[in-house]
Amino acid sequence: MDLYILRHGVAEERDRRKYPDDFDRPLTDKGIRRLVRQAKTWNRLQIPLDVIVTSPLVRAAQTAEVMRRELKQACSLEFSEHLEPGGDHALLMQHLADKHSNANGVMLVGHEPDLSSLVSVLVSGSTFPIIRLKKGALCKLYLTTTRYGHCGWIEWALAPKHMAKSL
């Protein structure tokens, strides 16, 4: 399975007065524009997606929606509390094994430092970070199985600046 790990785009600054619940903090207009621009590059990569699984937090859900729309693919969209900050990645991987083991391409949209920990576990078996994903960064893993633990490797990782330069 090809597993694409995407950190949400640039979001509004933390501000308890504007967003008393961090769950509701949205992407900025600039963050949305950057994601749209990045999606053009991803379209050239011909990323085949069957499903996008996203954190339900507003900024991640908006990122997933932009990707689904701009990648122009008939993929489904699911929300998972396991992609929320502090979510249970072992249960997330069990969900992928149960529901999407035959998928060619799955995209996960979430938050740092959790996504870097997930990548590390899937590549090395350890949560010690081997990568750090900037906002809007995309990492492609190839998994030989959908289990929590060492089960694959990084094929590539793109920072947002790499995608902007390739246009």
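Start by selecting A60, which is buried with a relative accessible area of 0%. Here buried means under 20% relative accessible area, exposed means over 50%, and partly exposed lies in between (1.4 Å probe, protein chains only). Before moving on, note that this is a predicted model, in which local features need pLDDT of at least 70 and side-chain atom pairs count only at pLDDT 80 or more, while totals for chains, interfaces and linings use all residues. Residues are numbered from 1 along each chain as its sequence is written, and side-chain values use heavy atoms, with hydrogens and water left out.

**Stop 1: around A60**

A60 is part of helix α2 (residues 58–70). Helices (H or I, at least four residues) and strands (E, at least two) are DSSP runs, numbered from the N terminus. Now show what A60 touches: H8, T54, S55, V109 and H111, not counting residues up to four places away in sequence. Contact means heavy atoms within 4.5 Å.

**Stop 2**

Next, select helix α3 (residues 89–100) together with helix α4 (residues 114–124). Two packed helices are described by the angle between their axes and the distance between the axes. For α3 and α4, the angle is about 65 degrees and the axes are 11 Å apart. The axes are lines fitted to C-alpha atoms, for helices over the stretch in contact, and angles run from 0 to 180 degrees between N-to-C directions.

Show the side chains that make this contact: H89, L92 and M93 from α3, with D114, L118 and L122 from α4. Sorted by class, the contact of α3 with α4 has 4 nonpolar, 1 polar and 1 charged residues. In this sorting, Ala, Val, Leu, Ile, Met, Phe, Trp, Tyr, Cys and Pro count as nonpolar, Asp, Glu, Lys and Arg as charged, and the others, Gly among them, as polar.

**Stop 2: a loop residue**

Go to Y148, in the loop between β5 and β6. Y148 is partly exposed, at 38% relative accessibility. Leaving aside neighbours within four places in sequence, Y148 is in contact with H89, A90, M93, V121, L122 and T127.

**Stop 3: aromatic pairs**

How many aromatic pairs does the structure hold? There are 2 aromatic pairs. Rings of Phe, Tyr and Trp (its six-membered ring) pair if their centres lie within 6.5 Å; planes under 30 degrees apart count as stacked, over 60 as edge-to-face and the rest as tilted.

Select Y4 and W156, a tilted pair at 6.1 Å centre to centre with 50 degrees between the planes. Y4 sits in strand β1 (residues 2–7) and W156 in strand β6 (residues 152–158), 152 residues apart. Y4 is buried at 2% relative accessibility, while W156 is partly exposed at 24%.

Then select Y142 and W153, a tilted pair at 5.1 Å centre to centre with 40 degrees between the planes. Y142 lies in strand β5 (residues 138–143) and W153 in strand β6, so this pair ties together parts that are 11 residues apart in sequence.
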